[in-house]
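Subject: The structure we talked about

Hi,

Here is the structure for you to open alongside this email. My notes on it follow below.

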Amino acid sequence: MLQNQDTMEILSNSTSKFPTFLLTGIPGLESAHVWISIPFCCFYAIALSGNSVILFVIITQQSLHEPMYYFLSMLSATDLGLTVSSLSTTLGILWFEAREISLYSCIVQMFFLHGFTFMESGVLVATAFDCYVAICDPLRYTTILTNSRIIQMGLLMITRAIVLILPLLLLLKPLYFCRMNALSHSYCYHPDVIQLACSDIRANSICGLIDLILTTGIDTPCIVLSYILIIHSVLRIASPEEWHKVFSTCVSHVGAVAFFYIHMLSLSLVYRYGLSAPRVVHSVMANVYLLLPPVLNPIIYSVKTKQIRKAMLSLLLTK
């Protein structure tokens, strides 16, 4: 009887519904966190300033009030959301070794991180559709992509993200967690969090898989299909000038898609099948996944999109 009572006390002391998680910076390089924070700050500065400038330019320049640039502004907005969502915890670890985070703070961060990720995937589908209509059906471009339809597409992306993320996070509340839970990243990542639970996580895993199917599982084939149709249409064009025009129209979007999905797939593969890999690999991949697309997207679009580049130069010259 006493032995059973002692066992219950041990279990009650080792589990909690309101745990404190420990975030991880760069494993093995804790002494160099201050120096590592310098490139991180540079990346965050580029992501924040680059996407903010693109947003500002598209909003203020009347000549850029077209469907293509509306979708680009949505992409910049989601990139800003992703950057801000991880900035506080990442720099908090690198500067102040502030590793502790509560379950509710974790849930809030996951809401924004995963929500903006779902929205960015939707925006990339919308931009693929924009490229398809512009190349394959240019005469009906303005009648298909009207302002009201673009607003509806934007609201659909937001609604889908909220509908998918809320059940994922609500299923975390009934879970019990073992104390001193050390996460693998500098931010809260849903698969990382549920693996630390002491209770049954089958419902959480199934919900996460459903979300993955309803986002990446649907969005990726849609993007691939749009480019198959674009290539099929372009193959009938004999003029090299037309080939160059089509390439210039789509190259920025192809780059954005490649950076987003390749890094998402890489992180997923490392997380699921690279358990024997060093912890530093998981940490670096996780930070690259969140930081690189917001950093590179504004650079790619400002370099490859003539109208954006001209608008940015005119903005700088008027200051």
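Among contacts in the protein between residues at least 6 apart in sequence, what percentage join residues at least 24 apart? The figure is 80%. Before you read on, please keep in mind that this is a predicted model.

First, the overall picture. The protein has 12 helices and 5 strands. It has 319 residues, and 45% of them count as buried. The UniProt entry, which is unreviewed, carries the annotation "transmembrane region" for residues 32–58, 70–95, 101–129, 150–172, 212–234, 246–264 and 284–303. I looked at two of those spans in the model. Residues 70–95 are 100% helix and 0% strand, with 37 Å between the end C-alpha atoms. Residues 284–303 are also 100% helix and 0% strand, and there the end C-alpha atoms lie 27 Å apart.

Now for helix α2, residues 33–60. Its 28 residues should span 40 Å at 1.5 Å a residue, and the end C-alpha atoms are 39 Å apart, so the two values agree. Quite a list of its residues is buried, including His 33, Phe 40, Tyr 44, Asn 51, Ile 54 and Leu 55. As background, an α-helix has 3.6 residues a turn, so residues three or four places apart point the same way.

Leaving aside neighbours within four places in sequence, Ser 76 is in contact with Asn 51, Ile 54 and Leu 55. Ser 76 counts as buried because its relative accessibility is 2%, under the 20% cut-off. Leu 48 is 28 residues from Ser 76 in sequence, and their C-alpha atoms are 9.3 Å apart in space.

Is Ser 88 buried or exposed? This serine also lies in helix α3, but at 52% relative accessibility Ser 88 counts as exposed, since the cut-off is over 50%. The C-alpha atoms of Ser 88 and Ser 186 are separated by 9.6 Å, although the two residues are 98 apart along the chain.

Glu 97 sits in the loop between α3 (67–96) and β3. Its phi is near 55 degrees, a positive value in a residue other than glycine. With a relative accessible area of 39%, Glu 97 is partly exposed.

β2 (residues 20–22) pairs with β5 in the parallel sense over 2 bridges, and Asn 181 in β5 is the bridge partner of Phe 21.

α4 and α6 (residues 147–170) pack at an angle of about 145 degrees with their axes 9 Å apart, and the crossing is right-handed. From α4, the residues making this contact include Phe 111, His 114, Gly 115, Phe 118 and Gly 122. On the α6 side, Met 153, Met 157, Arg 160, Ala 161 and Leu 164 are among them.

Cheers

Definitions and conventions
Residues are numbered from 1 along each chain as its sequence is written. This is a predicted model: local features need pLDDT of at least 70, side-chain atom pairs count only at pLDDT 80 or more; totals for chains, interfaces and linings use all residues. Side-chain values use heavy atoms; hydrogens and water are left out. UniProt positions are given in the numbering used here, feature names are shortened, and annotations may be inferred rather than shown by experiment. Helices (H or I, at least four residues) and strands (E, at least two) are DSSP runs, numbered from the N terminus. The expected span of a helix is 1.5 Å times one less than its number of residues. Buried means under 20% relative accessible area, exposed over 50%, partly exposed in between (1.4 Å probe, protein chains only). Two strands pair if DSSP finds at least two bridges between them. Axes are lines fitted to C-alpha atoms, for helices over the stretch in contact, and angles run from 0 to 180 degrees between N-to-C directions. A crossing is left-handed if the near helix is turned anticlockwise from the far one by less than a right angle, and right-handed if clockwise. Contact means heavy atoms within 4.5 Å.
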